[in-house]
Amino acid sequence: MTTRVAAVHNNALWCDAVCRAFGCTTSRVAGLWVNHDPAPPYYSNAVTIDPAALDDQRSMVLSMLAGPLPRPWTIKDAFHTLDLMPIGFHILFAAEWIGLTGATAAASPDTEARWAAVSTDTGLVEWEAAWRGDNADADAAGSPRLFRPRLLDDPDIRFLAGRRDGDIAAVAIANRSDDGSGPVVGISNIVLSGSVPERDRRGAVIAVQAAYPGLPVVGYERGADLAAMRALGFRSLGPLRVWITDD
């Protein structure tokens, strides 16, 4: 049975891969995965990986607050148990871990996007432009590439693009992990820019399952995206929240 622990482990490994490719120094300490450097955009500086180590986690967060890390920065409270409001944080957002065991409804070959994994740096640049969508020009002007080419060399990571009429209509990322209870594949960074977004969402899930066949799929979502994933058969594995420093 897929568990929140497996989903958390998968997500922490993905965060670690992105941050290390970005040149950050990371570690696992006090029940946390920690990035000791300024995080890439959209990524936290810590993820709780032990639901019982609350005192150690709070002490580590206090030491991070006293350190040189520029604010604001965030912490993913993966088990929804760490209260950081008394030490100068507020909740940025809440979400749900989700899991899917078994096949997604079959695609219709004549209407679905054609999905494939990116294999070159040029392809990754195109993939990231599609992922950024309407913010592509603004983001490119103000920040470096988020997804570095060394990620393409990791056999446990796939950047997936769904094309329709030659253009990228949707993207997603798959990352495989095993916390000791059995392998799973994470699905994340779904962006649907085509004319049939919910059809492409289903296609993204199918593409992730095809990239790492036979594995349960895990991830997290919120709001309308959470409802859409539930409609595809995903079930809730438990809540999470992301805390951000007050200043």
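Q: In which strand is His-90 found?
A: His-90 is found in strand β5, where a strand is a DSSP run of E of at least two residues and a helix one of H or I of at least four, both numbered from the N terminus. The model is a predicted one, in which local features need pLDDT of at least 70, side-chain atom pairs count only at pLDDT 80 or more, and totals for chains, interfaces and linings use all residues. Residues are numbered from 1 along each chain as its sequence is written, and side-chain values use heavy atoms, with hydrogens and water left out.

Q: Why does His-90 count as partly exposed?
A: Buried means under 20% relative accessible area, exposed over 50%, and partly exposed in between (1.4 Å probe, protein chains only). His-90 has 35% relative accessibility, so it counts as partly exposed.

Q: With which residues is His-90 in contact, leaving aside neighbours within four places in sequence?
A: They are Val-242, Trp-243, Ile-244, Thr-245 and Asp-246, contact being heavy atoms within 4.5 Å.

Q: What makes the pair of Tyr-42 and Trp-131 edge-to-face?
A: Rings of Phe, Tyr and Trp (its six-membered ring) pair if their centres lie within 6.5 Å; planes under 30 degrees apart count as stacked, over 60 as edge-to-face and the rest as tilted. Here the centres are 5.7 Å apart and the planes stand at 80°, so the pair is edge-to-face. Tyr-42 lies in the loop between β2 and β3 and Trp-131 in helix α3, 89 residues apart.

Q: Why are Trp-73 and Phe-89 called buried?
A: Trp-73 has a relative accessible area of 3%, so it is buried; Phe-89, with 1%, is therefore buried as well. These two rings form an edge-to-face pair, with 5.6 Å centre to centre and 80° between the planes.

Q: What does the largest nonpolar core contain?
A: A nonpolar core is a set of buried Ala, Val, Leu, Ile, Met, Phe, Trp, Tyr and Cys residues joined through side-chain atoms within 4.5 Å. The largest has 38 residues, and those with the most contacts inside it are Trp-14, Tyr-43, Trp-127, Phe-147 and Phe-159. Its largest share, 10 residues, comes from α1.
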